[in-house]
Amino acid sequence: MTTEVLTEDLSEHNQHHKMTGIKRWLYTTNHKDIGTLYLWFSFIMFLTGGALAMIIRMELFQPGLQIVEPDFFNQLTTVHGLIMVFGAIMPAFTGLANWMLPMMIGAPDMALPRLNNWSFWILPFAFAILIGSFFMESGAPNFGWTFYAPLSTTYSNGSTAFFVFAVHIMGISSIMGAINIVVTIMNLRAPGMTYMKMPLFVWTFFITAYLLIAVMPVLAGVVTMVLTDTYFGTSFFNAAGGGDPVMFQHIFWFFGHPEVYIMILPAFGIVSTTIPTFARKKLFGYSSMVYATASIALLSFIVWAHHMFTTGMPLFGELFFMYCTMLIAVPTGVKVFNWMATMWRGSMTFETPMLFSIAFVILFTIGGFSGLMLALTPVDFQYHDTYFVVAHFHYVLVTGSLFSIYAGAYYWLPKWTGHMYNDVLSKWHFWCSLISVNLLFFPMHFLGLAGMPRRIPDYALQFADFNKWISIGGFAFGLSQLIFLVVVIKCIKGGEKAPAKPWEGAEGLEWTVPSPAPYHTFSTPPKID
Amino acid sequence: MTNQQKTSVVQAPNSKKLVRKLILTVIAMFGFGFALVPLYDVFCDITGLNGKTNESAATYQASGIDSSRMIRVQFISRNAQNIPWRFEPMIREVSVHPGERKVIKFYAKNQSTTNMTAQAVPSVSPGIAAAYFQKIECFCFNQQPLKAQEDVEMALQFYVDPELPTDITTLTLSYTLYDVTQAAGS
Amino acid sequence: MKRRNLGWLSLGSLLSYSAWADMPLNLTQGATEVSRNVYDLHMLVLYICTGIGIIVFGIMFWSMIFHRKSKGAKSASFHESTKIEILWTAIPIVILIAMAVPATSTLIEMEDNSNADVTIQITGSQWKWHYKYFDQGIEYYSVLSTPREQYENHQSNSAIKNEHYLLEVDKPLVIPANKKVRFLMTSDDVIHSWWVPAFAVKQDANPGFINEAWTKVDQPGIYRGQCAELCGKDHGFMPIVVEVKSEADYQNWLIEQQQLIAQSAEAEKASLNSSLAMDELMQLGEQVYLANCAACHQPTGLGLPPAFPALKNSPVATGDINEHIITVFNGRVGTGMQGYGKQLTLKEIAAVVTYERNAWGNNTGDSVQPADVNAAVAK
């Protein structure tokens with residue numbers, strides 16, 4: 001259906017592009033096509049990862065093992081995590097970047113269009129390998145998405161090779177995408193668009209791309225070590241050969257913590273675009289937002305060991321990482337305060353993108369609070385590896401990253417499709433998601449405090465009630481996401497015609513082109529004053 | 001700012017340069033991932049992060065014995081999964097003055113019916129003390145082959161560096177015994 | 001996924017479990033000075049966060065209610081204020097310092113492992129804990145004691161679950177009250193994490209390395225915890241139970257344990273000369289098998305291939321007897337098969353080998369005696 005609409009623009013605006021059908025999508029180097037591919041792919045992955053989560057929640061619905069075996073349960077949690085991180089959230093952001101960055105900076109396309117095509121098309125293979133491992137003799141990876149050695153090496157179920165290969169491909173894809181974003185932003189800005197005139201959305205992707213370039217190769221390195229430890233007799237993480245399993249965690253989290261910010265900085269960019277639009281007021285403190293984003297990115301390199309307080313670090317190490325982690329609350333706080341000040345004395349309306357943005361700010365802040373609590377080493381000993389942590393990172397990733405993606409999707413859907421989305425359905429999507437997501441994740445805080453460890457397929461009886469409600473929230477949240485699918489399909493098929501600038505308060509170059517955005521935009525750069 | 005304006009006008013040649021730089025960064029960061037392995041060891045040596053002790057013989061170079069204090073040194077042992085050996089310290093703990101040399105023995109017996117090779121891996125707690133625990137001679141420097149049912153007494157000669165922080169009064173040395181028969185055979 | 005009547009079960013469970021639930025909603029205050037400090041710190045941060053949340057969200061909701069377009073609000077034009085920016089950078093820093101001070105002092109206290117009265121070596125392995133008392137040499141494994149039929153509900157044969165379902169073990173760790181007890185953690189295989197919430201102790205057990213933690217419990221009692229680091233298949237099934245006894249009771253317990261060690265050594269010797277009947281071997285063997293082997297090889301003997309092979313018709317269980325005994329006694333290098341020589345008595349190994357050779361239609365007819373085991377492993 002997307003094909004239909006977009007081929008229409010194609011014939012209107014671009015007579016020399018004649019490829020149709022599957023070939024068009026395979027060979028496309030157009031940033032809008034590739035953006036569309038990324039977005040659809042990430043949504044399919046989101047539903048896949050969500051389906052795994054549904055099985056997990058069914059198993060945890062009541063005490064006892066009813067549906068799956070413990071080993072399969074571990075495979076589910078592992079693949080759920082990997083798919084959501086690398087298959088849903090990250091490609092969705094890359095999709096938004098592909099669609100919006102060139103239009104926001106007045107560029108005709110991404111700087112490296114062929115690379116762009118490749119970086120998308122290797123992704124499905126990575127996930128085919130990962131998901132395919134479910135059907136192999138070994139089973140899927142069962143060592144958690146954090147794949148701590150030696151559980152993932154000496155004691156792996158034989159899926160390590162598939163896992164490593166899949167992660168390598170995902171990593172290469174991300175790196176290529178990031179290089180493209182950096183080159184595009186540095187070289188293709190319209191004349192007059194200085195760095196400090198770029199929309200904050202562009203800034204956050206710029207910084208995120210640098211983070212990706214810095215840490216994805218480290219991930220590639222650590223999975224390579226896991227591979228050689230498992231199959232080629234090296235002993236990076238094997239104490240018997242002079243290695244150290246804790247070193248795995250240090251290298252992994254050196255990647256892992258910046259990775260967390262890779263998944264949240266673009267979200268900051270999105271809501272910093274939507275909130276000013278619907279508050280009809282300029283973003284408060286633009287430059288402090290830029291500096292706050294940059295300092296969060298820099299701090300992310302020196303806090304990794306806060307994931308490892310229980311591994312037996314010396315006191316000074318624990319103190320150092322505790323202080324650094326607490327420090328992150330400062331720039332993050334600045335951001336929240338700036339959004340608050342942007343809303344203050346605005347002239348607000350509450351279209352669906354704004355609803356998701358406000359929910360983002362509030363719920364992400366709750367995730368930030370639990371993050372601050374986790375930063376304190378003495379209490380982290382109690383929270384670590386419990387459902388409190390599960391609640392924390394789902395608040396920042398689901399009501400954080402995912403909600404921001406929804407905000408962005410609703411915000412730009414008129415630009416992408418040329419139609420307004422169905423307002424009533426989209427509000428249903430929002431309110432159902434908002435209520436169910438809190439029923440799903442808020443009680444997890446209590447479970448964690450009461451002592452329920454994460455990654456267990458069965459639990460003590462005292463945890464039964466809360467788990468039941470969490471599962472019900474989970475099923476409701478899962479179903480609510482299907483409303484979004486309906487909204488998008490309806491929006492592509494038709495609906496009220498969208499004007500070039502459907503939002504009264506919107507600013508930015510993307511609104512100067514017609515809706516739907518023509519196949520080629522800004523072939524001659526716009527003038528910025 | 002004027003510079004940047006210029007760069008955005010002239011596009012094509014800069015992209016190549018920039019891409020090359022970025023790819024070099026990627027390669028460098030991949031290398032950095034591996035460089036973290038030796039860096040981690042250096043870091044651990046300095047900070048005693050993981051309680052790893054010296055892996056080769058130290059020469060005795062203490063500047064004398066600090067007889068003003070006594071350090072309890074405890075010995076524990078553990079067989080990693082699957083290794084059918086008896087392996088234990090012949091004395092549970094000793095008290096030493098910092099700087100004083102001491103020899104203690106471990107007993108090992110291969111209780112299986114095949115010839116095996118094992119490697120003992122030392123670890124000191126508190127980790128910070130690892131840098132002050134100096135082994136002059138240790139069975140853990142080498143692999144230990146034992147024939148089926150063979151036994152051996154293995155020596156460990158050590159001293160505690162007099163520089164050891166004064167708040168540490170007890171040191172625990174743990175040995176985990178690993179089966180390395182396959183690795184040693186190949 | 002083979003649940004047809006899941007719907008009914010779920011409906012039923014909505015009502016049935018409520019009666020059992022008695023879950024605290026907050027972090028435990030615990031039973032030690034450290035755990036109480038940790039609790040206080042937790043509450044402090046929680047209150048601070050709640051306070052900040054009320055202010056920030058309050059302002060946002062105020063704007064949402066009063067500064068909306070439908071109420072005729074016109075947007076103001078301010079979008080910068082260095083003064084305010086500095087203010088809301090500085091205030092959080094002050095608040096953070098206020099949190100960091102108590103956090104630092106609690107942490108320093110937690111990390112002070114010196115001058116312990118009792119030292120216990122804790123070793124995690126897949127999927128049980130091993131405790132060894134440094135001064136007495138007493139050592140034993142501590143294994144989940146919840147019967148399998150209580151948690152294996154795939155066939156919807158939900159047996160009534162125990163009160164401490166999944167949080168009960170055969171032999172708890174016993175420590176004295178009001179004494180500083182130091183734990184040395186390590187692991188035989190993958191990383192585990194020993195966690196008892198009431199002590200605020202959670203420390204990873206890393207293979208090849210030792211970690212320390214300590215506790216000093218005020219009151220005798222029974223405290224429960226779980227493994228907190230994903231360690232494979234049965235990560236959720238290796239609980240921790242600590243029984244804290246008064247000093248006098250603890251000393252009695254130590255004496256009792258030492259007597260038990262002497263007795264079992266006697267029994268071991270005696271068993272060498274004993275000859276057990278097939279029935280007796282099979283009966284004991286089944287018990288031992290279900291307690292130690294069934295987690296991987298399954299009660300049906302079909303295993304969970306490829307990681308855990310079937311024993312039914314397997315070359316080991318139907319082949320050479322000595323090879324079979326040695327495998328059980330010493331384990332298999334490079335596989336998940338542990339050696340049980342140190343956990344089980346000769347009699348138990350004889351029984352379980354006999355059981356494996358005759359159950360599930362293996363029907364070799366072999367019966368293995370304790371003396372056979374002794375002979376096979378001491379060759």
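A cavity is a set of points, on a 1 Å grid over the protein atoms alone, where a 1.4 Å probe fits but cannot get out. Its volume is the space filled by probe spheres set on the points, with grid points joined across faces, edges and corners.

This is a predicted model, in which local features need pLDDT of at least 70 and side-chain atom pairs count only at pLDDT 80 or more, while totals for chains, interfaces and linings use all residues. Residues are numbered from 1 along each chain as its sequence is written, chains are lettered from A in the order in which they are written, and side-chain values use heavy atoms, without hydrogens and water.

**View 1. The second largest cavity, lined by residues of chain A helices among others.** Five cavities reach 30 Å³ or more. α4, α7 (160-187) and α8 (200-231) of chain A each supply at least two lining residues. Helices are DSSP runs of H or I with at least four residues; strands are runs of E with at least two; both are numbered from the N terminus. α7(A) gives the most, with six. The lining divides into 14 nonpolar, five polar and no charged residues. Here Ala, Val, Leu, Ile, Met, Phe, Trp, Tyr, Cys and Pro count as nonpolar, Asp, Glu, Lys and Arg as charged, and the others, Gly among them, as polar.

**View 2. Helices α3 and α4 of chain A pack together.** α3 (31-59) and α4 (70-105) of chain A meet at about 155°, with axes 7 Å apart. Axes are lines fitted to C-alpha atoms over the stretch in contact, and angles run from 0 to 180 degrees between N-to-C directions. The two helices are therefore roughly antiparallel (an angle over 145 degrees). Their contact holds 22 nonpolar, 13 polar and two charged residues.

**View 3. A five-stranded open sheet in chain B.** The order is β3-β1-β9-β5-β7, with mixed pairing. Two strands pair if DSSP finds at least two bridges between them. β3 (93-96) and β7 (144-146) of chain B are the edge strands. β1 (71-79) and β9 (170-179) of chain B run parallel over eight bridges. B:Gln74 has B:Thr172 as its bridge partner in β9(B).

**View 4. A five-stranded open sheet in chain C.** The order is β3-β2-β1-β5-β8, again with mixed pairing. β3 (139-142) and β8 (211-215) of chain C each have a single partner strand, so one side of each lacks a neighbour in the sheet. Seven bridges join the parallel strands β1 (118-125) and β5 (181-187) of chain C. C:Thr123 has C:Thr186 as its bridge partner in β5(C).

How values were computed: Parallel < 35°, antiparallel > 145°, perpendicular 65-115°, else oblique. 1 Å grid on protein atoms, 1.4 Å probe; cavity = no way out; pocket = protein on both sides within 12 Å on 5 of 7 lines; lining within 4 Å.
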